[in-house]
Amino acid sequence: MKILPPTLRESNRYLAISITSEGDIPRRDLVNEILFCAATLLGDAGSSEMGIRLMSFEENKGIIQCRVDRMWETRAVLAIVTAIKGMRTRIKVLGVSGTVRGATEKYLLTQDINEPEPERKRTQTIKECKLIIDVGTISGKIVNRNNNEIDLLSEDPHSLEILNRSNTRYFGITVFDIKDKEIDV
Amino acid sequence: MGIIKSSDFYDLNVHTLPDYADSQSRMILEAKDMGYSGICLTSVNSGNKFRGTDITTPTPRDFEIYTGIEIQADNVSKLNKYISRSVNKVDIISVSGGNDDINRGAVENGHVDILAHPASQGKPLNHVLSKAAADNGVAIDFNIDALIRHRGASRVRILTALRQNARLARKFDVPMVITSNARSHYDLRGPREMMALGMLMGMTQEEALHAISTVSGSIINRNRNNNRIMDGVEVVE
C-alpha cells in the first residue's frame, strides 16, 4: 500500500523526556503505564486523538510523539504517571520539538554543564549514614547515589511511618546533609 | 510561548523532613532542576509547629527559598488561634482545607495567604466563600496531587469540585494558585506540567500560567514587603 504523502499526514510534536525512578524501568512497562494513564484520564476516545507513541527509550531518556494540538493533554498524561510496577516514577519533559532529530539534538545529546567537582581527597567510603532531625534521628543504608543526591533506606518503625505517609521507599537526602563524610557507593 | 519562557515559576506548597520523607536540600535541588525560581517549604504537622529552615545546600543561584506553615485545625476558633500565632513568623500561611467550616474560617481571615486543597473532600466552594476569598485576598489552591494521587471515582469528584472552584474564582476575581503539595520529590512536576494539569481543572492557559508565576510571586512580594502594614496601608518613605 502506498504511504500517505507528507501534506496529508498529521503533524506531530516530539517531547524529549527523562525518567527518575526507584528502580529500572523496562520500555514495555513505561509504554503500558503511559497508555493506561491516558485511558484513565481522557478515555479511549480522547487518547485515540492524541496519537501517543514512544519513539525511542534508552538510559531513562526517550522521545514521545503526539499530535500538535494535543500537546498540553499529553503533558498532563505524563504528569499523571506516579508509579510503574509499584516503583515511584517521575517523568520530566525536557523539551518539545517539531522533529525527532531536533528533539534529540537539542535535549537528549546535550551534556550536563555542571561545574566539575573540585579535586579532593576521599576520606572514607560509607554505606550507612545517620541524619539528625529535630524529632529524632534517621539512620539507614545508602541505596543509590546520583551526583549530590542520595537515596536512603531505613527500617526502624518511626522512619517507616514517615515513608508510608509520603508513599515512597527511600528517604531522599543530599550529600550536604551529611557532614564531614565522603560517599562512594 | 515566549511569555512562558520568560516567566519565573514558584511552587508554594512543598513538604520536607521531618514531616515527609525528603530533606530540604534534596527538594531544593530537584525543584531547581525542574525549572522553578523559588519554592516554599511548608511545615505540616499535628502540633502546627513551625519548623524553620536548616538548609545545608549551598544556595543555588537565582533561586529563592521561602518558609511556610500549613495549619490543620478541627474548628474555627482553634484555626484563628493558630493563625494569629504564626503571623509574622513565616512567609506564607496556608490552611489545610477540605471541611466546610475550616474553608469558611480560612477565607474570612485576612492573614491567610492560601487555602490549600479546598476540594480534598470533593466539595466545591460556593459563591459566598468565593466572594469572601476575593475580599480578603486569600488565594484558592488547585493542588495537582489530587489528580496524581487519586484514581477513579474520587478523582472525578475532586476534579468536578475544582472545576466549579475555577469557574467561581474567575467570576469573583479570586486569586488562583497551582501548587504541587509534594510529599516527596516524586510528587514534584515541572511548571509546564503543572499548567497542563491546571488546564484540566478548568483554567485557561493564561490563568494557569499566572497561577504558578505572577499570582504566586505577588503573594510573596506582599509578605516580604516590610513597609506594608495591612491591606491598603503602606509606609511610603
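**Close-up views of a predicted two-chain model**

Buried residues make up 44% of the 185 residues in chain A, and the model shown in these views is a predicted one.

**View 1. Overall build of chain A, from its secondary structure to its contacts.** The secondary structure of chain A amounts to four helices and nine strands, and these follow one another along the sequence in the pattern β-α-β-β-α-β-β-α-β-β-β-α-β. When contacts in chain A are taken between residues at least 6 apart in sequence, 62% of them join residues at least 24 apart. The domain assignment divides the chain into domain 1 (10–108) and domain 2 (128–177) of chain A.

**View 2. The meeting of domain 1 and domain 2 within chain A.** The C-alpha centres of domain 1 of chain A and domain 2 of chain A are 30 Å apart, and the contact draws four residues from domain 1 and six residues from domain 2. About 380 Å² is buried between domain 1 of chain A and domain 2 of chain A, with carbon and sulfur atoms giving 34% of that area. The count of salt bridges between these two domains is one, and in a salt bridge of chain A the side chains of Glu22(A) and Arg169(A) meet at 3.5 Å, N to O. On the side of domain 1 of chain A that touches domain 2 of chain A, the residues divide by class into one nonpolar, one polar and two charged. Across this interface, three residue pairs are found in polar contact, with both residues of each pair at pLDDT 80 or more.

**View 3. The interface of chain B and chain A.** Here 39 residues of chain B are in contact with 41 residues of chain A, and the two chains bury about 3600 Å² between them, 58% of it on carbon and sulfur atoms. Within chain B, the residues that lose the most area to chain A are Arg26(B), Tyr186(B) and Glu193(B), which together account for 20% of what that side buries.

**View 4. Polar and charged pairing between the chains, and the elements of chain B that take part.** Five salt bridges are counted between chain B and chain A, and the side chains of Glu30(B) and Arg90(A) meet in a salt bridge at 2.9 Å, N to O. Across the interface of chain B and chain A, 16 residue pairs are in polar contact, both residues being at pLDDT 80 or more. The elements of chain B that give two or more residues to the side touching chain A are α2 (24–34), α6 (145–149) and α8 (191–200), and α8(B) gives the most, with seven residues. By class, the residues on this side of chain B comprise 17 nonpolar, seven polar and 15 charged.

**View 5. Ser184(B) and its surroundings from both chains.** Ser184(B) is placed in the loop between β7 (176–179) and α8 of chain B. Its relative accessible area is 0%, and Ser184(B) is therefore counted as buried. When its neighbours within four places in sequence are left aside, Ser184(B) is in contact with Arg88(A), Ser166(A) and Thr168(A) from chain A, and with Asp22(B) and Met27(B) from chain B.

View 6. In helix α4 (residues 100–107) of chain B, the buried residues are Ile102(B), Asn103(B), Gly105(B), Ala106(B) and Val107(B). An α-helix has 3.6 residues a turn, so residues three or four places apart point the same way. The cover over the buried residues of α4(B) includes α3 (76–86), β4 (92–96), β5 (114–116) and α5 (127–136) of chain B. At the start of α4(B), a side-chain oxygen of Asn99(B) comes to within 2.8 Å of the backbone nitrogen of Asp101(B).

**View 7. Two loop residues of chain A with positive phi.** Glu59(A) is not a glycine, yet has a positive phi of about 50°, and lies in the loop between β2 (53–58) and β3 (61–67) of chain A. Glu59(A) counts as exposed because its relative accessibility is 78%, where the cut-off for exposed is over 50%. Asn167(A), likewise not a glycine, has a positive phi of about 60°, and lies in the loop between α4 (157–166) and β9 (171–174) of chain A. At 48% relative accessibility, Asn167(A) counts as partly exposed.

Notes
Residues are numbered from 1 along each chain as its sequence is written. Chains are lettered from A and ligands numbered from 1 in the order in which they are written. This is a predicted model: local features need pLDDT of at least 70, side-chain atom pairs count only at pLDDT 80 or more; totals for chains, interfaces and linings use all residues. Side-chain values use heavy atoms; hydrogens and water are left out. Domain bounds come from an automatic or database domain assignment. Contact means heavy atoms within 4.5 Å. Buried area is the accessible area (1.4 Å probe) that two parts lose on being put together, summed over both. A salt bridge is a side-chain nitrogen of Lys or Arg within 4 Å of a carboxyl oxygen of Asp or Glu. A polar contact is a pair of N or O atoms within 3.5 Å; within protein, one must be able to donate a hydrogen and the other to accept it, and residues adjacent in sequence count only if both atoms are side-chain atoms. Ala, Val, Leu, Ile, Met, Phe, Trp, Tyr, Cys and Pro count as nonpolar, Asp, Glu, Lys and Arg as charged, and the others, Gly among them, as polar. Buried means under 20% relative accessible area, exposed over 50%, partly exposed in between (1.4 Å probe, protein chains only).
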